[in-house]
Every structure is written in structure tokens, then in C-alpha cells.
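Biologist: I have a structure open and want to learn how to read it. Please show it, and then let me ask.

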Protein chains: 2
Amino acid sequence: MSRTFSTGVQRSEPSNVGNVGLADGETIIGEQAPEPLTVEGIKARRAKAGKLIAPTASYSDSDMFKSPQAYEKPKARRWDHLLSPESIARKPCVLKLAAKHLKKPGLISLGGGLPSAENFPIDELSMRIPQPPHFGSSTSATPSGASSGSQEVTIGKHDTTEKEDAVYDLSIALNYGQSIGSAQLLRWVTEHTELVCRPPYADWRCALTIGSTGALESALRMFCDRARNDSILTEEYSFSTALETAAPLGIKVFGVRMDEQGLLPGSLDEILSGWDEKARGGARKPTVLYTVPSGQNPTGATQGEQRRRDIYETCRRHDVFILEDEPYYFLQMPPYKPAAGGPNTSDPAEQTVDAFLQGLIPSLLSMDIDGRVLRLDSFSKVVVPGSRVGWVTASEQVVERYIRHAECASQGPSGIAQVLMHKLVDESWGHEGYLRWLMRLRGEYARRRDVLLGACERHLPAGVVGWVPPAAGMFLWLSVDHTQHPEASSKSILEIEEAIFDSCIDKGVLACRGSWFRAEQERPPSGLFFRVTFAAASEGDMDVAIERFGAAVRESFGI
Amino acid sequence: MSRTFSTGVQRSEPSNVGNVGLADGETIIGEQAPEPLTVEGIKARRAKAGKLIAPTASYSDSDMFKSPQAYEKPKARRWDHLLSPESIARKPCVLKLAAKHLKKPGLISLGGGLPSAENFPIDELSMRIPQPPHFGSSTSATPSGASSGSQEVTIGKHDTTEKEDAVYDLSIALNYGQSIGSAQLLRWVTEHTELVCRPPYADWRCALTIGSTGALESALRMFCDRARNDSILTEEYSFSTALETAAPLGIKVFGVRMDEQGLLPGSLDEILSGWDEKARGGARKPTVLYTVPSGQNPTGATQGEQRRRDIYETCRRHDVFILEDEPYYFLQMPPYKPAAGGPNTSDPAEQTVDAFLQGLIPSLLSMDIDGRVLRLDSFSKVVVPGSRVGWVTASEQVVERYIRHAECASQGPSGIAQVLMHKLVDESWGHEGYLRWLMRLRGEYARRRDVLLGACERHLPAGVVGWVPPAAGMFLWLSVDHTQHPEASSKSILEIEEAIFDSCIDKGVLACRGSWFRAEQERPPSGLFFRVTFAAASEGDMDVAIERFGAAVRESFGI
């Protein structure tokens with residue numbers, strides 16, 4: 001429970017780029033040309049700003065860390081007309097408001113019930129982590145081998161006062177913090193987001209989350225209300241946990257048709273244009289779209305750039321707010337080449353990070369001139385799920401409402417996880433090292449994907465089972481042509497799906513039934529699908545597993 | 001986002017105490033006498049049960065870790081009539097249900113999208129922690145000094161397969177887990193809770209939380225519904241964040257009168273017996289009591305044993321469910337002796353842990369024959385707030401509903417925090433070491449309390465400012481007799497309070513205004529109060545701060 005009081009973040013030297021401590025979109029553009037929005041530009045900006053001073057429970061926000069360029073853009077639209085009564089009713093924490101007084105020199109606080117760091121029974125944390133560019137990979141050793149080794153990093157209790165360069169320590173990380181997250185990690189997240197997404201409006205901000213699952217629930221509670229009969233749209237086949245999150249809140253979910261690039265803007269427009277509350281069981285015209293643009297779960301579909309632009313424009317036309325869930329964004333892969341005869345062997349360390357960034361399909365956030373996107377980012381798929389640290393990016397208004405809820409719902413992510421993530425992605429790797437880690441990781445996933453696709457080509461009955469090689473993520477969506485089933489006329493798709501699933505279990509493979517992912521659970525499925533992942537099983541196991549799946553399908557179809 | 005699949009927890013050897021893997025209250029009582037509910041008894045039970053085998057995302061529950069004695073009691077009542085429509089509507093995660101198939105030998109899963117531990121860029125974590133019984137305290141060094149030093153503990157990626165005794169490692173902790181928490185930490189929490197609280201019904205269970213703040217919001221959503229006009233009761237002055245959590249959910253909060261032992265059962269009964277929906281603005285008769293029995297925030301009041309029994313009986317009579325929030329439970333202190341002339345110098349290491357446990361006021365959970373209590377426990381005040389790890393204890397039905405929500409709201413606490421907490425309180429300290437830590441800590445807080453109280457005696461105007469020495473927690477509630485104020489007839493309590501608060505800030509001390517904590521914000525305060533804490537400021541600062549506070553009061557009262 002938080003009784004946190006806080007002074008704001010300070011810098012040891014005055015910044016000359018005018019981006020520290022601004023609020024409400026106020027801008028002071030320095031006279032010098034701003035640093036470019038590159039890894040090197042961020043380094044230069046940090047050097048100018050001086051050491052980050054952010055003691056226990058410091059208040060911070062992204063405006064302290066954004067580039068001056070950000071302020072040259074127009075501000076986001078306001079979303080008061082979409083917010084739920086619950087969200088509108090949230091007030092700032094009274095104890096946190098009192099924190100403004102802590103700035104007064106010499107003031108002694110008997111206010112906040114923050115335990116003293118002297119009573120924290122953890123004196124030091126250490127972590128051994130692999131280093132860029134090769135991350136200790138045995139298949140791509142450097143000539144010296146030195147830069148590929150692992151590094152031991154250490155966090156002491158009072159580093160910020162005892163070590164000249166330290167900006168974060170256990171006395172801060174182990175105490176209460178702000179629900180928006182620590183200034184230290186929020187700085188990195190803000191810089192990274194600007195580097196990757198460059199939101200085209202001025203007042204965007206980030207907030208740390210306890211992972212995208214919880215952030216999605218918060219976002220749904222922020223925009224939807226049971227008593228208003230609110231509803232949302234999503235892909236026809238959608239992430240089951242997202243559906244399970246919406247249902248108990250009384251939020252109706254409707255599915256949008258998909259092709260190999262995922263959600264179809266034409267279908268989206270058709271649904272919204274012809275909305276009939278009565279025909280939709282009393283549901284109000286949807287005001288929110290939940291979408292996973294890259295490596296969609298469960299279909300593995302990835303929206304191309306034009307597809308994203310068309311989706312965004314359709315949402316603008318109908319004033320729909322977008323929840324862009326992108327856990328797999330950085331797992332965009334090179335196209336699959338069936339004839340290649342083996343996994344892709346190019347060394348990601350030979351590419352530049354700029355080329356990597358430029359090769360990524362632009363995010364919806366990067367197209368978001370209205371500020372109508374809340375983007376959910378996650379470390380789960382690309383660093384570790386167990387950190388329970390992610391972040392959202394949206395307009396100042398939306399992030400402020402998000403934080404007001406987080407103060408009651410989570411108090412932000414674990415400080416232990418925050419300080420370790422900061423040590424990893426900021427102090428040790430830096431932006432370039434992190435991007436190099438992502439480059440390496442997508443290579444890993446591409447290799448795994450290729451192994452799975454090779455197994456599918458070898459073991460699945462052509463003409464009955466089809467698939468589109470995924471361009472991102474960790475899932476392959478297998479489409480089984482149920483019309484060829486000998487009992488197609490007497491059995492439902494669900495019955496055939498169940499029989500194949502049971503037969504798979506008998507033969508020793510678990511694949512997810514497509515019907516589990518239907519956005520509209522009460523409607524019969526549009527086809528017969530199975531979701532398989534190439535994330536977890538070993539390469540040898542993937543081959544055996546697909547062989548078993550193929551045998552189950554053959555048996556069911558009598559072929 | 002979780003796509004976790006899991007097999008259940010296994011033991012390397014069959015248990016002979018019959019407490020493994022039982023469900024629905026099924027009991028198998030072994031022929032041998034069960035181990036006693038003591039620290040040594042738990043050790044013996046663990047030794048019999050064999051090594052805990054709980055790989056990535058294992059399902060577990062408290063029934064696997066409770067003593068056989070627990071099952072000899074009757075089961076809890078059911079709370080279907082109190083649960084909210086939102087809670088009732090929750091269904092198990094479809095992907096997690098599929099996990100049951102993973103028990104099949106030889107099955108290969110292409111189901112859950114769990115990343116492979118090989119791609120986790122943390123190879124090892126280490127932590128330096130102080131050791132019992134003296135925890136490195138310089139004021140109470142042992143003759144050898146060795147046992148008081150700090151210890152370095154290390155967690156590798158594959159300890160459970162590489163080290164004979166290891167039950168938890170980074171490959172498990174850094175991946176997705178179950179929302180109830182890891183089996184490893186859930187075991188410790190279950191054992192600790194039974195040791196301390198011994199719930200008097202059979203089917204109690206624990207679940208890890210992301211801290212009591214989030215757990216409280218979940219509990220409120222579980223039992224209260226806006227559309228039903230649900231309301232809750234709490235102390236007249238209550239934890240402001242709890243009030244801020246309830247308000248946006250449309251839950252009306254009503255205050256119960258208090259004395260120096262906190263909430264008055266007579267007032268509780270009076271309110272409930274005479275409930276008039278119309279007079280209460282349409283609010284339904286309260287079905288939930290939120291209370292902080294020990295060291296209540298903000299008043300510092302501690303309910304004695306009989307008080308707790310009376311409160312429990314009153315809640316039974318009116319079928320009210322109890323949320324028992326106990327962050328300060330273990331900070332119960334010896335009585336304050338003003339004449340002692342200095343801080344208490346007894347060495348906590350000389351007491352036994354049994355004596356410590358027996359000296360604690362029994363919890364509401366320990367009296368809970370109906371299973372109508374959800375107890376919230378927290379590491380925040382007694383280990384570190386930054387772990388964001390706590391736990392709840394309640395009946396199987398209530399915990400199951402809690403977990404269903406946690407699957408969407410949080411996915412449970414950070415695995416990084418869980419593995420470090422496990423290493424600290426289980427592997428390194430064990431139950432006895434943890435209790436010794438609590439004994440040491442309450443000594444620390446007692447010393448700080450005594451310093452603050454001494455300062456109050458020295459610096460505050462007797463007859464105008466009064467207080468009750470707190471018997472637990474970290475707060476002192478200062479009562480200012482506003483009737484003696486020269487402008488008492490022309491100024492409201494709120495106006496005088498504000499003037500004193502502002503004057504305090506001017507003089508350099510921050511104390512919390514009592515009115516911030518009113519359960520019913522729209523009602524005028526019943527008195528003029530300030531909350532001060534002895535948790536954070538140094539002893540010297542506390543003296544200066546209270547002197548300043550006294551000056552502000554004197555100035556305002558013209559004395």
C-alpha cells in the first residue's frame with residue numbers, strides 16, 4: 001500500500017535542450033539544432049542533460065525524456081466522450097498530491113509511511129548477462145571472444161550516493177515507487193519508443209505496466225462500461241486471454257474478418273457503417289478496436305504498412321479508439337524460402353541497427369496523428385516473461401487516466417524487476433545493444449519457424465492442411481479443409497476439430513483448437529483451424545510433433 | 001500475456017502424510033501422528049514429502065502444503081450470494097485448462113507460447129542478505145561474529161536440474177507462471193500462514209498477490225457491484241488509498257466509529273441493524289467490512305483479541321464478509337513506558353519464536369469458522385515494498401475467484417521478485433529465520449516509536465494535543481482539541497486543520513491531515529487530527545519535526 005511521497009526528478013546540471021520538467025505540452029526549444037532521433041542522438045541528449053537524479057518515489061513523466069522535436073507537432077485529441085464513468089471518476093491519490101511539498105528545502109516528512117532502506121534485508125543484487133553483439137552465442141564467436149562473453153553487473157543499496165555515475169540503486173528500487181514506474185526505466189522506455197515509433201503528435205507519454213495482460217484490462221475498464229452496453233471489435237480469431245478479460249466486464253466482443261494480412265479494413269468499415277444495436281443484442285456501436293498487428297495470436301498474420309494505414313483511417317472515420325497490442329513486433333522475420341534447404345545463416349551482427357529499425361513495418365502508433373492509439377509493449381516475448389514489466393504509450397490524457405487506475409490496481413511493476421531490467425537494457429546494453437539483442441532473437445525465431453514449416457511440408461497432407469508462413473511472432477495457423485472430411489455433411493466443424501484434437505493427444509502432441517480463439521464464441525467457427533507454436537519445443541521435437549499431428553489429420557480424414 | 005500450459009507439482013518421493021495433490025477437501029490421514037504445527041513440525045513434514053518438483057508454470061495450490069490437521073475441520077461456507085456478477089462470470093483460461101494434457105508421458109506441446117529459457121538473457125542472479133539471528137546488527141554482535149554476517153546466495157538458470165537440492169531456478173522464475181504464484185513461494189506462504197493463523201476451517205487456501213493494494217481492488221470487484229448499489233463499511237478514518245480504490249467503482253463507503261482499539265463493534269451493529277437504504281442514498285446494506293486490525297492506518301489503533309472476536313461475531317450476525325488488511329500485523333510492539341527514559345534495549349534474539357508467535361494478538365482469520373475472512377498479507381512493511389509480492393488467504397471458493405481475475409489482471413507477481421523472496425525467506429532464512437527477522441524489525445519500530453513519543457512529550461502542548469501510544473504499525477494519530485482554538489466558533493475544523501498544515505509546511509514539517517482519511521468524505525470531520533509516521537525520518541529529524549509541529553499548533557492556538 002502506498003503512502004509514497006516524492007519530489008520530482010532532477011538533473012545535476014541544467015539541461016540545454018529544454019525537455020526537462022515540462023508539463024502540459026509547454027515547450028522550450030533550445031537554440032542549438034536538436035540531436036537526431038538515433039541511438040547516437042539519444043546519447044548526446046543524455047550527455048547534455050547531465051546525470052539523472054531520481055531518488056525514492058520520484059515523480060517523472062516522458063516529457064522529461066522526449067526529444068525537443070516531439071513538441072513541434074500538434075497535440076492529441078481528447079477522449080472524454082469515450083472514457084468510462086469509472087475512469088472519469090478517478091481522482092489523484094491525496095497522499096501523492098502532498099508530495100509537492102517535499103521539494104521545500106529542509107522539510108522533514110512525517111507524512112508517507114515509506115520504510116527506511118536501512119531495514120531492507122537485501123544489501124546487493126548481481127546479475128550475469130550476455131553481451132552484444134554476439135551475446136555469447138557459440139555459433140558466432142568473435143575473433144577475440146572477449147566481447148561475446150557474459151558480464152557480471154552489481155547493484156548496491158546506496159550506489160547513487162556512493163558511486164559517481166550510478167542513477168539507480170536498491171534503496172530506491174526496493175522502496176515504494178510511483179505507479180508510472182521509476183524515472184530510470186521510464187527514461188529508457190520513452191527513448192526507445194521514440195526511436196522506434198516516433199509518434200506524430202506532441203503530447204504522447206509512456207507508463208510502465210505490470211505486463212500487457214493487466215494493461216489491457218485497465219484499458220478496457222477505461223474505455224468501456226457495462227451499463228452503456230459498450231462493445232469492442234477485434235480479429236475474428238483473437239487472443240483468448242483478451243477475450244476472457246473482456247467478457248466478465250460485460251463488454252461484448254465482435255469479430256472482424258481476416259485474410260493473410262490479418263484484420264480486413266473493409267470488413268471493419270462494413271460492420272461499423274451498418275451497426276444496428278437491436279441486431280447486435282443491444283450492444284452500442286463499438287468505440288474500441290483491439291488488434292495485434294504483428295504475428296497475430298492465434299493466426300500469425302502480420303498487417304503490412306498499407307493495411308495498417310487503412311485500418312487507422314477506418315478507425316478515424318468511425319471515431320474508434322485503438323488498442324495496439326504488439327508483443328511480437330520485433331519478431332518480424334525475413335520471408336520464408338522453402339527452397340533454401342536449411343535455416344537462414346546470415347549473422348545479424350553484420351546488419352546495422354538503423355537498417356533493422358527501417359526494415360520494421362511501421363506501427364499504428366507511428367501513424368497516430370490523433371493520439372487515438374494506446375500501444376502495449378512487452379518484454380515478455382523478447383527478454384523474459386517473468387519480469388512482469390511492460391509499458392503503454394498513448395496521449396497524456398489517456399496515460400494520466402491509466403496511472404490513476406494503476407495507483408489502485410498495481411502500484412506499478414516490481415522495483416526489483418525494474419532495477420534489473422534497467423541494468424540490463426540501459427546501463428549494460430544501451431539502446432544499440434538492446435536492438436542487437438532483438439535482431440539476434442528474431443533470427444532465432446526465424447530459424448525455429450523454418451524448422452516447423454519444413455516439418456509441415458514433410459508431414460502434413462497437401463490439399464487438406466494449408467498455411468501461410470508467418471512473417472512475425474511465434475505462431476503458425478494450420479487451416480484444415482473440413483469440406484473434404486468424409487463426415488463433413490453429418491458432423492459440425494467443432495465435432496471434427498474435437499476428434500482431431502483428442503486424436504492428437506492420443507498420439508502425443510498438443511495443438512490448440514482454433515475454436516478456442518473465436519471472438520464471438522456463440523457463433524459457429526468459419527473454418528477448421530489449429531494453432532501451433534515454434535517458440536518452445538526443440539527442433540527435433542517439433543518435427544516429431546508435426547508428424548503426429550499429420551497422422552491425426554490423415555486418420556480423421558481417412559487418407 | 002500468458003499462453004501458459006502446465007503440469008502440476010510433483011514430489012520426487014510419494015508423501016506419506018497424505019497432503020499432496022488433494023482437492024475438494026478430500027483427505028487421507030496417515031497412520032502416524034501428524035507433525036506439530038511448529039517450525040520444526042514443518043521441517044519434518046517437508047522432509048517426509050521429499051523434494052518439491054515444480055517446473056515451469058506448474059499448477060499448485062495450498063492443499064499441497066497444508067498440514068493434515070487442517071482437513072479435520074469443517075469446510076467454509078459458500079459466498080455465491082455475495083459475489084458480484086463480474087466475478088461470477090469469470091471462466092477459467094481455456095489455454096490453462098488444456099494444460100492437463102501435459103501430464104501425458106511423451107507428449108510434445110506445440111500449444112503454449114512460452115519462450116524457451118535458452119533465450120533468456122539472465123544467466124545468474126545473486127543476492128547478499130543478512131543472516132539470523134542478529135542480521136548483521138552492529139549493536140548485537142555474536143561472540144564469533146560469523147553468524148551475524150551477510151551471505152551471498154546465487155540462483156542459476158538450470159539449478160533444479162544441475163543441483164541436487166535446488167527446487168527453483170531462473171528457467172522457471174523468468175518464464176510465465178501461474179497467476180496463483182509459483183509452487184515454491186506458495187509453499188512457504190501456506191506454511192507461514194498456518195503457523196501464524198491456523199484458520200479454523202478445512203478448505204482455506206493462499207494465493208500470491210502483486211501487493212495488497214491490487215488485491216484489495218480485486219476483492220472489492222469480487223464482492224461489490226455498482227449496479228446493485230453495493231456498499232462497504234470501514235473505520236471512520238481509513239486508509240486513503242483503499243477509499244480511492246472503492247470510489248470509482250461506484251462502491252459507497254460508510255464509516256464505523258472508533259476508540260483507542262479501533263473499530264467499535266457496537267457502532268458496527270448499530271449501523272447494520274438500522275440500515276435504511278433511502279437514508280443512505282440508495283445504498284444496499286453493506287455486505288463487506290474492510291478493516292486494518294493492527295496499527296490501523298491512519299489512527300495507529302490496534303484491536304485487542306476480544307475486540308476482534310466481537311467484530312467477527314457482529315459480521316456473522318449480519319452476514320458481512322471481512323477484508324482483513326494486515327500489513328502491520330507483525331509490527332506489534334511492547335507497551336510504551338514513558339518513564340523508561342530511553343529506548344527498549346532487550347535483545348530480540350533472546351526470545352523464542354514460539355513466544356513471539358504466542359504473543360501476537362490472534363488474527364481475524366484465526367477466528368474465522370465460516371471462512372468469511374479474506375486476509376491480505378504483505379511483505380511491503382516487513383521486507384521490501386519493491387517486491388510487489390504479497391498474498392491473500394481465504395476459502396477455496398474465494399481464492400479460486402480471485403485467481404480467475406488475476407489471470408486477466410496481473411498474471412501474478414513478478415517471477416524475479418518471487419525467486420528472490422523464496423531464496424530469502426525460504427532457502428536462506430527458513431521459517432524461524434523469518435520470524436526472527438520480524439522480531440528484530442518490531443524492535444526497530446518500537447525504538448522509533450519511543451523516540452517519536454518522547455519528542456511529542458517534550459514538544460507538544462499538553463491539554464491541546466493528545467495521543468494514544470500505538471501498539472503496532474508505523475503511525476501515530478495526533479488529536480488536537482479544536483474546541484480550545486480561539487476561532488473555534490467562527491472557523492470549521494477543516495479550516496483550522498488547513499491553517500495548521502500550511503503553517504507546518506512553512507516551518508518545515510509534513511504531517512498528514514486527518515480529514516484526508518475520512519471514510520465519508522462529504523461529512524464534516526468528527527475532530528481535528530494529524531497522522532505522523534515514525535517509519536522513515538531519522539531519530540534526530542523526528543525530534544526536530546515534532547518541535548516544528550508543536551510550534552505550528554501553538555501559533556495557531558495562540559499559546
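The dialogue below takes up the interface, a helix pair and some backbone features.

Modeller: This is a predicted model: local features need pLDDT of at least 70, side-chain atom pairs count only at pLDDT 80 or more, and totals for chains, interfaces and linings use all residues. Residues are numbered from 1 along each chain as its sequence is written, chains are lettered from A and ligands numbered from 1 in the order in which they are written, and side-chain values use heavy atoms, without hydrogens and water.

Biologist: What area is buried between chain B and chain A?

Modeller: Interface size is often given as the accessible area lost when the parts come together. Here about 9,400 Å² is buried, and carbon and sulfur atoms give 61% of that. Buried area is taken with a 1.4 Å probe and summed over both parts. In contact (heavy atoms within 4.5 Å) are 114 residues of chain B and 114 residues of chain A.

Biologist: How many salt bridges cross the interface of chain B and chain A?

Modeller: The rule finds 6. It asks for a side-chain nitrogen of Lys or Arg within 4 Å of a carboxyl oxygen of Asp or Glu. Glu86(A) pairs with Arg221(B) in this way, with the closest N and O atoms 2.9 Å apart. On the side of chain B that touches chain A, strand 4 (residues 124–130) gives the most, with 7 residues. Strands are DSSP runs of E, at least two residues; helices are runs of H or I, at least four; both are numbered from the N terminus.

Biologist: At what angle do helix 9 and helix 10 of chain B pack?

Modeller: Two packed helices are described by the angle between their axes and the distance between the axes. Axes are lines fitted to C-alpha atoms over the stretch in contact, and angles run from 0 to 180 degrees between N-to-C directions. Helix 9 (residues 265–273) and helix 10 (residues 305–317) of chain B pack at about 10°, with axes 9 Å apart. They are therefore roughly parallel, a label for angles under 35 degrees. Leu268(B) in helix 9 and Ile311(B) in helix 10 are among the residues at this contact.

Biologist: Which residues does a cis peptide bond join in chain A?

Modeller: Most peptide bonds are trans, and most residues other than glycine have a negative phi. In chain A, Pro132(A) and Pro133(A) are joined by a cis bond, with omega about 5°. Pro132(B) and Pro133(B) are also joined by a cis bond, with omega about 5°. Phe135(A) is not a glycine, but has a positive phi of about 55°. Phe135(A) sits in the loop between strand 4 and strand 5 of chain A.

Technical notes:
Angles under 35 degrees count as roughly parallel, over 145 as roughly antiparallel, 65 to 115 as roughly perpendicular and the rest as oblique. Buried area is the accessible area (1.4 Å probe) that two parts lose on being put together, summed over both.
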